[in-house]
Amino acid sequence: MAWALRPTRLPDAHLPHGLDGGHPLCRACGTAWPCEPAREHLTESRCSCGAPSWWEKRGPRNWHVGPRCFTPLDVTRAQAADLAETRAPHYPPSHSYPAKPARPVRQRPPYRHTPAGPGDVNLGTWVWVRPGALHAGWGDIHQLAMVTALGLPRCEVWLILDGTAHTARADLLVLTGTSSRRGEKPPAWTKWTVAEHLVHRQAGQPGPAAEESAQLDLFGEPGTGPDQPVP
């Protein structure tokens, strides 16, 4: 008997026939597929529809037993979604950001406030600005900022990064959290957004804080004068 090289991939002679019927047969052996020569080259799996599927161990080919659980239109839509995802702009946290538009640069605001409970937000509260709240020129990472004007649906914030002032959605401003004793779980309100705090405060209808009224008298109403929020 002549010596022959052992095949590393599934031979074409042992490919299945009649997959759509649910009972495939081997083309060469005529027995139920996968036959013995084909089984050593395959890995059994299970489709999301519950039908068995077989994958070639050393190749990209796969076979689905039974009627196809997808249509050509489903394949086209999935490929279009993948293509749209790859073409979507993704700005890495580096120098690859687009050019920054003009924004007013100010000195650090004199406000100072640390939230002590739910609804206790004020001028001077430090927040994290989520990606998407600012222009793409400021990147897709969280930015540390101070609240300089409260309001719904938008607030004015001052970035510690470059001292620029921005208007951002209140539901994209998250508190930086408060220090707690070791071993104690911080309260849930420390992770609220500024919008959630303002809604909570409006529901309780508390009186204006004395510190806020003093700051407004000293620095003027937000939205007036040269420090008005940027549209």
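Here are some questions and answers about a predicted model.

User: Which residues have the most contacts inside the largest nonpolar core?

Analyst: Let's start with how this core is built: it has 20 residues. Strands S6 (126-129), S7 (143-149), S8 (154-159) and S10 (173-175), together with helix H3 (194-204), each supply at least two residues of this core. The residues with the most contacts inside it are Val 127, Val 129, Leu 173 and Val 194.

User: Leaving out residues up to four places away in sequence, which residues does Val 127 touch?

Analyst: A contact here needs heavy atoms within 4.5 Å. With residues up to four places away in sequence not counted, Val 127 touches Gln 143, Leu 144, Ala 145, Val 147, Leu 173, Val 174, Leu 175, Thr 176 and Val 194.

User: How many residues does the second, separate core have?

Analyst: Cys 35, Leu 42, Trp 63 and Val 65 are among its members. This second core is separate, and its number of residues is 11.

User: What is the strand order in the open sheet of 5 strands?

Analyst: Begin at the edges, which are strand S9 (165-169) and S10, each pairing on one side only. The pairing in this sheet is antiparallel, and the twist from one strand to the next averages 50 degrees. Reading across the sheet, the order is S9-S8-S7-S6-S10.

User: Which residue in S9 is the bridge partner of Trp 158?

Analyst: S8 and S9 run antiparallel and are joined by 5 bridges. In S9, the bridge partner of Trp 158 is Ala 165.

User: Why is one side of S3 and one side of S5 left without a neighbour in the sheet?

Analyst: These strands belong to an open sheet of 3 strands with antiparallel pairing, in the order S3-S4-S5. On average, neighbouring strands in this sheet are turned by 20 degrees against each other, direction ignored. One side of strand S3 (42-46) and one side of strand S5 (62-64) has no neighbour because both stand at the edges, each with a single partner strand.

User: Which residue in S4 stands opposite Arg 46?

Analyst: S3 and strand S4 (residues 52-56) run antiparallel, with 5 bridges joining them. Opposite Arg 46, the residue in S4 is Pro 52.

User: What is the volume of the largest cavity?

Analyst: The structure holds 1 cavity of 30 Å³ or more. Residues lining the largest cavity include Val 129, Arg 130, Pro 131, Trp 138 and Gln 143. The volume of the largest cavity is about 40 Å³.

Technical notes. Residues are numbered from 1 along each chain as its sequence is written. This is a predicted model: local features need pLDDT of at least 70, side-chain atom pairs count only at pLDDT 80 or more; totals for chains, interfaces and linings use all residues. Side-chain values use heavy atoms; hydrogens and water are left out. A nonpolar core is a set of buried Ala, Val, Leu, Ile, Met, Phe, Trp, Tyr and Cys residues joined through side-chain atoms within 4.5 Å. Buried means under 20% relative accessible area, exposed over 50%, partly exposed in between (1.4 Å probe, protein chains only). Helices (H or I, at least four residues) and strands (E, at least two) are DSSP runs, numbered from the N terminus. Two strands pair if DSSP finds at least two bridges between them. Axes are lines fitted to C-alpha atoms, for helices over the stretch in contact, and angles run from 0 to 180 degrees between N-to-C directions. On a 1 Å grid over the protein atoms alone, a cavity is a set of points where a 1.4 Å probe fits but cannot get out, and a pocket is an open set with protein on both sides within 12 Å along at least five of seven lines; lining residues have an atom within 4 Å of a point. Grid points are joined across faces, edges and corners, and a volume is the space filled by probe spheres set on the points.
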